[in-house]
Structure formats: C-alpha cells, structure tokens
Amino acid sequence: MPTLNAAQLTRLASDILHAAGATVSQAQIVAESLVEANLDGHDSHGEVRVPQYVAWLEKGLINTTAQIRVIRETAATALLDGDWGWGQVMAMEAMKIAMEKAAQLGAATVSVRQCSHIGRAGNYPLIAARQGMAAVMFVNTHGAGKLVAPWGGRERRLSANPISIAIPRPCGKPILLDISTCAIAGGKVTIALNSKKSVPPGCIIDAKGRESTNPADFFGPPEGSLLPFAGHKGFGLALLSDILAGAISGAGCSRPTATRVGNSFLATVIDIKQFSEVDAFDRDVDGLVEYVKSSKLAPGFSEILIPGDPEARERARRKRLGIPVDEGTWQQISNTAARYGVKVES
C-alpha cells in the first residue's frame, strides 16, 4: 500500500486531470479538494475519484469551459446554474456569492443546479466558517446516482443526499457536521471492494434485501443498495435533502428517468456578527462544547469528541505520516495516469 504526502497526491491528481482535459486552474482546484478529503480521513471523496472524473471527461460529461450563470436573483438569494462544469469549481463560486450576499444582509441562500460531482460536501460550509460565518448545505445527485433503499424497501431510490453544517470557533477549528444520509458512503464501499475488505454490518443489502458485509453484493449484478443511517430517521433526512437540493434548484429529485449524475444543492450562509455579538456567540459555543465534554464517560469510551474533532486529528496524523492509498485504488489511478503519459511517483 503506497503512502504519499499531500503535495505528491495533489500534484499527481492535478497532472492526470489536466492531461485528461481540465485547465491547469481547474485541475488544481479539484485536486486540492480531493486531497483535503483524504487528509481528513474521508478517502471515499479523495483520490479514489480521479479515475471516475477522467471517465466523465472522456464521455463529455464535464464541461471544461463552463461558467456559473445567475438564473434568478434577489439581494438575499440566487438561483445558479453550473452548466455541468467542475463541481468543485462551481460550488466554490456559489459559496463566494452566498458569502458576499450574507455579508451585506446577514444571511443569504443560493440554490445551484447542473454541477458535476462537488466532492466532499463539508468542504464548502467550512469555507464560510473560516470567515466567521455559519453555513448549512443540502445536496442531491440531480435525480440520478441512486444508491440507497428507502426504509422498508430493497431497491435503490435515493442518493446519499449529504447534509453539512459548519460553525466557526475562535480556536480556528470549526465544528463541522458532514454526513451522508446513508449508513456508509458509496465511495467507502468501492474502497472496501478494492481492498478486498468487508463493510460493517447494517450498511448494505443485496438485491433480495438481505443485509450483507460483502461489498460485491452492493455492486452486483444484480445490484444491492446502501441502507439509510438510523433507519427511518436517516431516510427522512435523505428525503428532505433531496427535496431541498433538487426541487428548489430545478434539478429535480430522485426519479427513474434521471440518468446524468451530478450535484445540485441548497446552501445558506449566516453572518453571525449581524445577529449577535461575536464574543457572546463564541462564549456560548465554547461553553456548550465544554459542558458536553464534561459528561462522565460511558463504558468503552476514553473521551467525548464533537463533529470535526476526528477529522482534525486524522489530518494532523496524515500530515505527519502521509496518506495511505489502498492497492486497488492505486492501481486504478496508475492505469489512468499511464493512459495519459503522467509519471507516477510512489
């Protein structure tokens, strides 16, 4: 299993994407976004996506000349169209628009459609949090990309439909909730298959609706499904995220006729200082974190972590030791690089 540092992985991903047709700027933005996910331990949204993105480029499913377009706008809202451009590029531009509007009015919401895959959803509310703003984001896959069975069903009907919320903190480490509404990310099942490992119980079912830990049962044939997390609760959140991301943007919700996988999303940004004294807000947040962490520990636990803590620790560890890439994923990346004459260092 090769282990590379963030700079090496970023350079490799950028070189491959540029060779496959992305501009230098696009390739760098996308590569940095993927490696950010790897650094935080979310490998399902990291380098494993490079071969997939290249395949989409080869099929003409990513518009490398796209510019984000404003379809409808008010002082506090905007409906935006990404023209099927790079998801990371379009999502960053959309967040910039939302933050500029929030800085003027206190809060703003953007609804965005026709983006290619945006990567890890948590990257974007985090941009706002690092500027002292809070943000919440709901994402769907443009009605396609169905992977998840509804609670009580055994056929794919919903996508992972992630939800992300970021809250700034004076310590510089925002609280970041970044969850898919399914029990496991589809990319993690891919990595398990590549690594010849099992997935945890309660995450996938086979085509007959039977729970399984074998990732091959998800991919089929015939295809299985991901399960919603926490049963009906995760299913409910998935349904609502689908509506907020898809129906408001005009991208549409999960449906049998949708075939082009991309992302649409709804993002709201709140400029905290226009609602509250920042010092008072920070005291409330820090006080809550301290109070929560002061609880006596349950058996089997050594500490209480809040959203964002595990990622911060994994980031520090991987910056120190490097980012491991499983053999199956590494072979796929290497094969893609070879097709475009990109040198691979390991």
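Select Asp 43, Ser 44, Ile 191, Ser 195 and Asp 326: of the 17 residues lining the second largest pocket, these lie nearest its centre. A pocket here is an open set of points on a 1 Å grid over the protein atoms alone, where a 1.4 Å probe fits, with protein on both sides within 12 Å along at least five of seven lines; lining residues have an atom within 4 Å of a point.

Before going on, note that this is a predicted model: local features need pLDDT of at least 70, side-chain atom pairs count only at pLDDT 80 or more, and totals for chains, interfaces and linings use all residues. Residues are numbered from 1 along each chain as its sequence is written, and side-chain values use heavy atoms, without hydrogens or water.

**Still at the second largest pocket**

Now colour α6 (186-195) and β12 (323-324). Each gives two or more residues to this lining. Helices (H or I, at least four residues) and strands (E, at least two) are DSSP runs, numbered from the N terminus. The largest share, 4 residues, comes from α6. The volume is about 370 Å³, taken as the space filled by probe spheres set on the points.

**Next, the largest pocket**

Select Arg 49, Leu 147, Ala 185, Gly 186 and Gly 187. They lie nearest the centre of the largest pocket, which has 41 lining residues. Its space is about 1100 Å³. Show α3 (50-58), β5 (133-140), β7 (175-179), α6 and α7 (215-219); each supplies at least two lining residues. Here too, α6 gives the largest share, 4 residues.

**Then α1 and α2**

Select residues 6-20 for α1 and 24-39 for α2. They pack at about 140°, with axes 8 Å apart. Axes are lines fitted to C-alpha atoms, for helices over the stretch in contact, and angles run from 0 to 180 degrees between N-to-C directions. That angle makes α1 oblique to α2. Under 35 degrees counts as roughly parallel, over 145 as roughly antiparallel, 65 to 115 as roughly perpendicular, and the rest as oblique. Show side chains at the contact (heavy atoms within 4.5 Å). Among them are Leu 9, Ala 13 and Leu 17 of α1, and Ala 27, Ala 31 and Val 35 of α2.

**Last stop, α10**

Select Glu 36, Asn 38 and Leu 39 of α2, with Glu 314, Arg 315, Arg 318 and Lys 319 of α10, to see the contact.
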